[in-house]
Amino acid sequence: MADPPAKRPRHALKEPPFPCRHVLAPLVGCSDLAFRLLCRRHGATACYTEMLFADRFVGCADYRERKLQTCAEDAPLVVQFCGTDPATMGRAAALAAPHCAAVDINLGCPLPGAREGGFGAYLLERDRWALVTAMVQAMRRAAPNLPVCCKIRLLPSLADTVEFCRALEAAGVALIAVHGRHRPPADEHRGRRREAADLDAVRACVAAVGVPVLSNGNTQAHEDVARNLAHTGAAGVMSGEGALRNPLLFAPATAAEAGEGGAPSVPQLRRCADEYLALAERHPPESSAVVRSHLMWLLGKSGKSHRCEFEHCGPYSGAQLRLALLDADSLEEFRAVVAAVFGGVS
Ligand SMILES: Cc1cc2nc3c(=O)[nH]c(=O)nc-3n(C[C@H](O)[C@H](O)[C@H](O)COP(=O)(O)O)c2cc1C
């Protein structure tokens, strides 16, 4: 039997700080301006930047310029910061304020660097909650008109997760994105993202707070979005890998043309690759590694280094395609690889 609709909290629900039904997740190395614009054209109602280091953002104008490229069409934009010092997080929020609709604190990064720095998902431990709420409050004080959001993972127990969401709400956050997975061991984060997200846990968070919650985890196809919202009652869905593999994920009009299981059709992928490369020409990403990474996601990369496979290789073997992408450096060279993979497809 279908689950009953998610229960809403009894207290008044707050308005989302930005249109948040279809949100592009923060993605290190992949949340460049060109990709955000591509996703916006195809249904994303808001986009996050990748995680920016608050201390570098505050201390280095060059870092700010490189990492926070934006333009008029790139709105609403949420700038995500990681850090552990309330004063620095406050200064970062004030510097970002003229360029964005909201700022966000990363409370989900599981990587070894986050463990060493004590940020990201390593702030979810109960003895660090006071520091997190102090950061939220410092950011709110430093940029009084700017909504402050948090992106969390699941804590070890559901009761803790819900209690933490309530603590964030009490500290004044405007929105909480809940990635419905636990923190994996720092060296195993990649494989774990493939595991199904715990949407029941997201639903419990939605029911526990009056601020809008975004449901994050495992939206691969357009149908997943509505299914996820119906199950969790969340204000919106945030997608990471799904959007990287299929930037048309949020667009209902293109879903009809999609292939098996909602995967994008080959002509759709070709158009996405061409459109991304055209946008990257107008808004050059920080390095060619960003372009390479997008093409690898679009071509359906799986596996690591020389053992990697692609869903779409054209005349190449997986290893040859990987080498061709590694050799390419200019947009012209990337275009040539895309043309070779897709041949006459248009
Ligand atoms: C390439 C990549 C980079 C990521 N970078 C960030 C990041 O900068 N900040 C963050 O909070 N999460 C980051 N994540 C996690 C995603 O935002 C998202 O929470 C996770 O992928 C689960 O959602 P999904 O199942 O839709 O992919 C990253 C994920 C990927 C795949």
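Guide: The crossing of H4 and H6 is right-handed. This is a predicted model, in which local features need pLDDT of at least 70 and side-chain atom pairs count only at pLDDT 80 or more, while totals for chains, interfaces and linings use all residues. Residues are numbered from 1 along each chain as its sequence is written.

Visitor: Why is the crossing of H4 and H6 called right-handed?

Guide: A crossing is right-handed if the near helix is turned clockwise from the far one by less than a right angle, and left-handed if anticlockwise. The axes of H4 (residues 86–96) and H6 (residues 129–142) cross at roughly 40 degrees and come within 8 Å. Axes are lines fitted to C-alpha atoms, for helices over the stretch in contact, and angles run from 0 to 180 degrees between N-to-C directions. Helices here are DSSP runs of H or I with at least four residues, strands are runs of E with at least two, and both are numbered from the N terminus.

Visitor: Which residues of H4 and H6 meet?

Guide: Among them are Met-89 and Ala-93 in H4, and Met-135 and Ala-138 in H6. Two residues are in contact if their C-beta atoms, placed from the backbone, lie within 7 Å. By class, this contact has 10 nonpolar, 1 polar and 2 charged residues. Ala, Val, Leu, Ile, Met, Phe, Trp, Tyr, Cys and Pro count as nonpolar, Asp, Glu, Lys and Arg as charged, and the others, Gly among them, as polar.

Visitor: What makes S7 and S8 a pair?

Guide: Two strands pair if DSSP finds at least two bridges between them. S7 (residues 213–216) and S8 (residues 236–239) have 3 bridges in the parallel sense, and therefore they pair. Ser-215 stands opposite Val-237 in S8. The closed barrel of 8 strands runs S1-S2-S3-S4-S5-S6-S7-S8, with parallel pairing. Its neighbouring strands are turned by 30 degrees against each other on average, direction ignored.

Visitor: Which residues come nearest to the ligand?

Guide: Of the 22 residues around the ligand, Ala-25, Pro-26, Met-51, Gly-240 and Glu-241 come nearest. A residue is near a molecule if its C-beta atom, placed from the backbone, lies within 6 Å of it.
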